[in-house]
Amino acid sequence: MKINEERLLNRLYTLGKIGVNEEGKRTRLAADDAEKEGRDAVATWMMEAGLRVAVDKIGNLFGIWETEENKGKDPVMTGSHIDTVINAGQYDGCYGVLAGLEVIQSLKESGYKPARPMVVGAFTNEEGVRYSPDMLGSLVYAGGMTAKDACSIVGIDGTVLGEELKRIGYAGTEEPGFLTPSSFVELHIEQGPILDAEGISIGAVEDLQGISWQEITIEGSQNHAGTTPISYRRDAGVAAAKVITFMRERCLSSGGKTVSTTGCIAFEPNAINVIPSKAVFTVDVRNPNEDALKAEEKALADYLKELEKTDGVTVSTKRLSRFEPVLFSEKIVEKVEKSASAHGYSCRRITSGAGQDAQNLALMCPTAMIFIPSINGISHNPEEFSREEDLLNGANVLLDVLSELTEE
Ligand code: HGY
Ligand code: MN
Ligand code: MN
């Protein structure tokens, strides 16, 4: 049983062109016009494959292959996301959706008769750049939030998710969770440097680290950059810088376990010769161990209280997202390892440093992931790259694992 390699690669590169602007930057944020174009392309390919296309109330898009014989049984599900970060690579998420579609289409074309329906999903707002929290579509699908609450979320641009889904024609009618998968497997690029550095072809993902997203607002007082002595200043900008470096120190003393990122920051009034009165910025902290992640959050909270005293500022925080670490299904991880070895692909177990839709599907059913190498570990960056040989290896392992799971 072989996948149609050319079809998979062509679709991946075609989707990769959608949302590329005149400067060559690729951005498809959840439910924006570019993502709509991407959704339309994927839905068309699902229909070409002869799948039933369904959309649920949070815009999750599914291609369903069910037969008279297996209709009504819990399906085996695969999938990922096609929304991107800003100035993104072309593989993150898209590879898992299109490889999943390719596997199902190839099995269907080969005359294979699965004992279960097979489904590929593209989940809404996995990246969480436009709307928080991230992994939102799969969170709603798995029952972690109601579709109503999720649709009312206001984005960083003031838009409301539910209205945007309506505007782009993807406010579906299916209840999230309308299909209860018997198992879920997500194929994804590693987005980190390990597989590439070690020359390993397949990652059998056995767990995924916890994620804590906060927005922090620090308020000081606006004043003259030249005339105000340092001792008089209540400088929101300096206070924000102290938080960012404090978190870097925490990471360095965590033995490489904690990572912290401030990806967004804005000052008010944001003028070159005015001491900032306000700093609003995000802190993304991650650790594979829940107790350690909680300890990082407490250390940050204590430091913010300290800052109010030392710097004379006022600090407030807003929780944007929080996911505990997830352990994947040992049974499925072993299937990934077995398939890799049968193909002669080198394989190692690995932790997902990135958040994934699979972490929410794991709330519903036995779940695991398959990684392929990201060259130099680059991701969330247009330089993100995976070799075609690795892309095809991953799809071959996905085909083995999904067809085995359909027979169980
Ligand atoms: O942020 C993440 O880890 C994922 O790319 N959404
Ligand atoms: Mn992803
Ligand atoms: Mn991503």
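## Ligand 1 and its surroundings

A polar side-chain atom of Arg286 sits 2.6 Å from an oxygen atom of ligand 1 in this predicted model, a polar contact being a pair of N or O atoms within 3.5 Å (within protein, one must be able to donate a hydrogen and the other to accept it, and residues adjacent in sequence count only if both atoms are side-chain atoms). For His380, an N or O atom of the side chain is 3.1 Å from a ligand 1 oxygen. The protein covers 94% of the 210 Å² of accessible area that ligand 1 has on its own; areas come from the Shrake-Rupley method with a 1.4 Å probe, and for residues only the protein chains shown count as cover.

Who else is around? The residues around ligand 1 are Glu126, Glu127, Arg286, Ala354, Gly355 and His380, where being near takes a heavy atom within 4 Å.

His380 belongs to the loop between β16 (367–372) and α12 (388–406); helices (H or I, at least four residues) and strands (E, at least two) are DSSP runs numbered from the N terminus. At 42% relative accessibility, His380 counts as partly exposed; the cut-offs are under 20% relative accessible area for buried and over 50% for exposed, with partly exposed in between (1.4 Å probe, protein chains only).

Ala31 also has a positive phi, near 65°, and is not a glycine either. You'll find Ala31 in the loop between α1 (5–17) and α2 (33–48). Ala31 is buried, with a relative accessible area of 0%.

## Two cis prolines

The Ser132 to Pro133 peptide bond is cis, with omega near 0°. Pro133 lies in the loop between β4 (118–122) and α4 (136–141).

The bond from Glu268 to Pro269 is cis too, again with omega near 0°. Pro269 is in the loop between β10 and β11 (274–275).

## Helix α8

Helix α8 covers residues 236–252, and at 1.5 Å a residue its 17 residues should span 24 Å; the end C-alpha atoms are 25 Å apart, which agrees. That expected span is 1.5 Å times one less than the number of residues. At the start of α8, a side-chain oxygen of Asp235 comes to within 2.7 Å of the backbone nitrogen of Gly237.

Which residues of α8 are buried? They are Ala236, Gly237, Ala239, Ala240, Val243, Phe246, Met247 and Cys251. These pack against β7 (210–219), β9 (259–261), β10 (265–268), β12 (278–287) and α9 (290–311), with contact meaning heavy atoms within 4.5 Å.

## The nonpolar cores

In soluble globular proteins, nonpolar side chains tend to be buried together. The largest nonpolar core here has 88 residues, and Val42, Met77 and Phe328 make the most contacts inside it. Such a core is a set of buried Ala, Val, Leu, Ile, Met, Phe, Trp, Tyr and Cys residues joined through side-chain atoms within 4.5 Å. A second, separate core of 19 residues includes Met247, Phe281, Val283 and Ala299.

Setting aside residues up to four places away in sequence, Phe328 touches, among others, Val205, Leu208, Val333, Ala362 and Met369.

## Gln105 in α3

Gln105 is part of helix α3 (residues 94–109) and counts as buried at 5% relative accessibility. Beyond its neighbours within four places in sequence, Gln105 is in contact with Arg7, Arg11, Trp45, Glu48 and Ala49.

## Conventions

Residues are numbered from 1 along each chain as its sequence is written, chains are lettered from A and ligands numbered from 1 in the order in which they are written. Since this is a predicted model, local features need pLDDT of at least 70 and side-chain atom pairs count only at pLDDT 80 or more, while totals for chains, interfaces and linings use all residues, and side-chain values use heavy atoms, with hydrogens and water left out.
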